[in-house]
Amino acid sequence: MQTELSDMLNDFYNSMLIKEKGISKYFNQKTLVDGISFDSKKEANRYKELKLREKAKEIKDIQIHPRFLIWQGFTDREGKKYQPINYEADFKYLEKKQVKGRMIWVEVVEDVKGMKTEIYKLKKKMFLSTYNQYKFREI
């Protein structure tokens, strides 16, 4: 009981500290690159890497924070409305790949992750079952 109370107080203190300091729940630091706001330094650094690969003509058509519908909104029998569920990846781009001696462009969806939450894991599964035409990559 004492440990439970202590854990609850620690969680409350940490959440108040996070709100007061304006830092994210997972201690990521928002970062601005090319006028684009990224949720973490890791994501911003990945963007820089992708831009270098784009200059080298290894990839093209980089999209930042593309959204994918993974569950349609609906209204239940009682008339209650449920919002659609979207998955927002970090990047989407075309990547060169050699197949049977010729070069093709493969669509890649990429997510830069530090902490894999249960919501993220569920949305990832829903995304993969709906959009299996993409190569999915976690960084």
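Trp71 is partly exposed, at 47% relative accessible area. Bear in mind that this is a predicted model.

Q: In which strand is Trp71 found?
A: Trp71 is partly exposed, with a relative accessible area of 47%. As for its place in the fold, the strand is S4.

Q: About how much accessible area do the residues of the nonpolar surface patch have together?
A: The patch is made up of Trp71, Phe74, Tyr82 and Ile85. Taken together, their accessible area is about 370 Å².

Q: Is Lys92 buried or exposed?
A: Lys92 sits in strand S8, residues 91–99. Leaving out residues up to four places away in sequence, Lys92 touches several others, including Asp61, Glu107 and Tyr134. Its relative accessible area is 14%, and buried means under 20%, so Lys92 counts as buried.

Q: How far does helix H3 reach from its first C-alpha to its last?
A: H3 covers residues 118–130, which makes 13 residues. At 1.5 Å a residue, 18 Å is expected. The model comes close to that, with a reach of 19 Å.

Q: Why are the buried residues of H3 on the same side?
A: The buried ones are Tyr120, Met126 and Phe127. They end up on the same side of H3 because the arc they cover around the axis is only 130°.

Q: Which strands do the buried residues of H3 pack against?
A: On the other side of H3, Glu118, Lys125 and Ser129 are exposed. The buried residues, Tyr120, Met126 and Phe127, pack against strands S4, S7, S9 and S10.

Key. Residues numbered from 1 in each chain as written. Predicted model: local features only at pLDDT ≥ 70, side-chain atom pairs only at ≥ 80, totals over all residues. Heavy atoms only, no water. Helix = DSSP H or I, 4+ residues; strand = E, 2+ residues; numbered from the N terminus. Expected span 1.5 Å × (residues − 1). Buried < 20%, exposed > 50% of the residue type's maximum accessible area, 1.4 Å probe, protein only. Arc of directions from axis to C-beta. Contact = heavy atoms within 4.5 Å. Patch = residues over 30% accessible without salt bridge, like charges linked within 9 Å, V, L, I, M, F, W, Y side chains within 5 Å. Areas by Shrake-Rupley, 256 points an atom, 1.4 Å probe, with all protein chains shown as cover. Salt bridge = Lys/Arg side-chain N within 4 Å of Asp/Glu carboxyl O.
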